[in-house]
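Let me put the model up and then go through it entry by entry.

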Amino acid sequence: MDPERLSDIQIADVVIATAGREKGKLFYVLDVDEQYLILGNGKDRTLEQPKRKKRRHVDKVLRSETRVAEKLRSGDKVLNSELRRDLAYLSREMQVTT
């Protein structure tokens, strides 16, 4: 994994976990810092209890342009149900295209 790609991850991007017990699951990036990402999926990792994961343990899937992503970027309130719905839709889309 090249370091430039790891630093390219921003708030509201969709990532897939590549290590740990969440391996293979999709998450929205809720917050970023130098070494860690704060991730949420609205189900087992809610907005109230997000997952803190090292950048090297995720791969960026896409730069989401959904309404939820816009809300995350602007700092508006997002519901766990919105995260779940968006990620379920993206997961279905990815399975169709792969």
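What share of the contacts in the protein with a separation of 6 or more comes from residues 24 or more positions apart? I got 50%, taking contact as heavy atoms within 4.5 Å.

**Ground rules.** I'm looking at a predicted model, where local features need pLDDT of at least 70, side-chain atom pairs count only at pLDDT 80 or more, and totals for chains, interfaces and linings use all residues. Residues are numbered from 1 along each chain as its sequence is written, and side-chain values use heavy atoms, with hydrogens and water left out.

**Confidence.** I checked pLDDT, the predictor's confidence in each residue, from 0 to 100. The protein averages 90, and 90% of the residues score at least 70. Among the elements, helix α1 (residues 3-7) has the lowest mean, 54, while strand β3 (residues 36-40) has the highest, 97.

**Elements.** I found three helices and five strands. They are DSSP runs numbered from the N terminus: helices are H or I with at least four residues, strands E with at least two. From the N terminus on, the order is α-β-β-β-β-β-α-α.

Then I went strand by strand:
- Three bridges join β1 (residues 13-17) to β2, and V14 stands opposite Y28 in β2.
- Four bridges join β2 to β3, with L37 in β3 as the bridge partner of V32.

**Burial.** I count a residue as buried under 20% relative accessible area, exposed over 50%, and partly exposed in between (1.4 Å probe, protein chains only). Buried residues make up 38% of the 98 residues. β3 is mostly covered, with four of its five residues buried.

**Helix α2.** Which residues of α2 are buried? I noted V68, A69, K71 and L72. Seen down the axis of α2, these fall within an arc of 160°, so they line one face of the helix; the arc is that of the directions from the helix axis to the C-beta atoms. Just after α2, G75 takes a positive phi of about 85°.

**Cores.** I looked for nonpolar cores, meaning sets of buried Ala, Val, Leu, Ile, Met, Phe, Trp, Tyr and Cys residues joined through side-chain atoms within 4.5 Å. The largest has 12 residues, including V14, Y28, V68, L72 and L87. The elements that give two or more residues to this core are β2 (26-32), α2 (67-74) and α3 (80-97). Another core, of eight residues, lies apart from it and includes V15, F27, L37 and V58.

Last, I followed L72: not counting residues up to four places away in sequence, L72 touches I11, A12, Y28, V29, L30, V78 and L83.

How values were computed. Two strands pair if DSSP finds at least two bridges between them.
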